[in-house]
Amino acid sequence: MKLRLLSLYPDQMNIYADRGNILFLQQRCEWRGIGFEVTRCGPGDRFDPGAFDLLYMGGGQDRDQKAVARDLVETKREAMREAKDSGAAILAVCGGYQLLGEHYELDGEKIEGLGLVDLRTVREEGPRLIGPVSIAVRLDGSERILAGFENHGGRTRLGETTPLGRVLHGHGNNGQDGHEGVREDNLVGTYLHGPLLPKNAWLADHLIAAALEHHHGERPELEPLDDRLEDAAHEAALAAARNG
């Protein structure tokens, strides 16, 4: 078996060391004897939407996000839509999450997004939403907790789509409606970073299983791993969120 991952803008959108998410996915696949292939896709590059099972995009500074947004719309939007519609897994973190939506309004300018999901982000007056965060997420028929760190000035509001989870501690999408992230089909967008997956190994396995199902036609039963270190990292992140 093999998982084919497309890393979108790895040089421009990696401000929070979120490349660690890719390394974590790769390691969990290798421990299970699952092949793992990473392809980098930067500005100006086009890609075949049928050639990848998991698409990943991290966060970047405002300057980089503006440049990436233009390139996404011009060279990658249709392929991204085809990949999503075909059932490929997509993980977008922070700035990448914001670009999944219709637009990101920054200093009076509307930066056009991919329009893959019904959400909009506005940089409003007020403090940045910063700190440890935990959310309750319902995936694969059970409720689990995601824990991480958020740091964003934009306020994201969802339209006719599903939040990733319910905020337990922290701010979430906008600090008001109690929602965090977005989830639609096999797409996950979230503000949790730092990186996200090493603290939440169960979400990594969910994405791996969804990606392998996309490639091979059926969802595999993943071999359990010794997750004592990962569980400790999760508990530390959750304790930080509980303590504010």
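The largest pocket in this predicted model has a volume of about 470 Å³. A pocket here is an open set of points, on a 1 Å grid over the protein atoms alone, with protein on both sides within 12 Å along at least five of seven lines, and lining residues have an atom within 4 Å of a point. Grid points are joined across faces, edges and corners, and the volume is the space filled by probe spheres set on the points. As for ground rules, local features need pLDDT of at least 70 and side-chain atom pairs count only at pLDDT 80 or more, while totals for chains, interfaces and linings use all residues. Residues are numbered from 1 along each chain as its sequence is written, and side-chain values use heavy atoms, with hydrogens and water left out.

So what sits around that largest pocket? Its lining is made of 25 residues, and R144, A201, W202, D205 and H206 are the closest to the centre. Two or more lining residues come from each of β9 (142-152), α4 and α5 (228-242), and α4 gives the most, with 5. Helices (H or I, at least four residues) and strands (E, at least two) are DSSP runs, numbered from the N terminus. Sorted by class, the lining holds 9 nonpolar, 4 polar and 12 charged residues. Ala, Val, Leu, Ile, Met, Phe, Trp, Tyr, Cys and Pro count as nonpolar, Asp, Glu, Lys and Arg as charged, and the others, Gly among them, as polar.

The second largest pocket has a volume of about 170 Å³. Of its 16 lining residues, Y16, G60, D62, R123 and R128 are the closest to the centre. At least two residues of this lining come from each of α2 (62-85), α3 (95-98) and β9.

Two packed helices are described by the angle between their axes and the distance between the axes. Helix α1 (residues 19-31) packs against helix α4 (residues 201-216) at an angle of about 70 degrees, with the axes 10 Å apart. The axes are lines fitted to C-alpha atoms over the stretch in contact, and angles run from 0 to 180 degrees between N-to-C directions. The two helices are therefore roughly perpendicular (65 to 115 degrees). On the α1 side F24, L25, R28 and C29 meet A201, A204, D205 and I208 of α4, where contact means heavy atoms within 4.5 Å. That contact has 6 nonpolar, no polar and 2 charged residues.

Most residues other than glycine have a negative phi, and most peptide bonds are trans. The bond from G194 to P195, however, is cis, with omega near -5 degrees, and P195 lies in the loop between β14 (187-190) and α4. C94, in the loop between β4 (89-93) and α3, has a positive phi near 55 degrees. C94 counts as buried because its relative accessibility is 6%, buried meaning under 20% and exposed over 50%. D185 also has a positive phi, of about 55 degrees, but counts as exposed at 57% relative accessibility.

One more loop residue is G113, between β6 (109-112) and β7 (119-123). G113 is buried, at 5%.

Methods: Angles under 35 degrees count as roughly parallel, over 145 as roughly antiparallel, 65 to 115 as roughly perpendicular and the rest as oblique. On a 1 Å grid over the protein atoms alone, a cavity is a set of points where a 1.4 Å probe fits but cannot get out, and a pocket is an open set with protein on both sides within 12 Å along at least five of seven lines; lining residues have an atom within 4 Å of a point. Buried means under 20% relative accessible area, exposed over 50%, partly exposed in between (1.4 Å probe, protein chains only).
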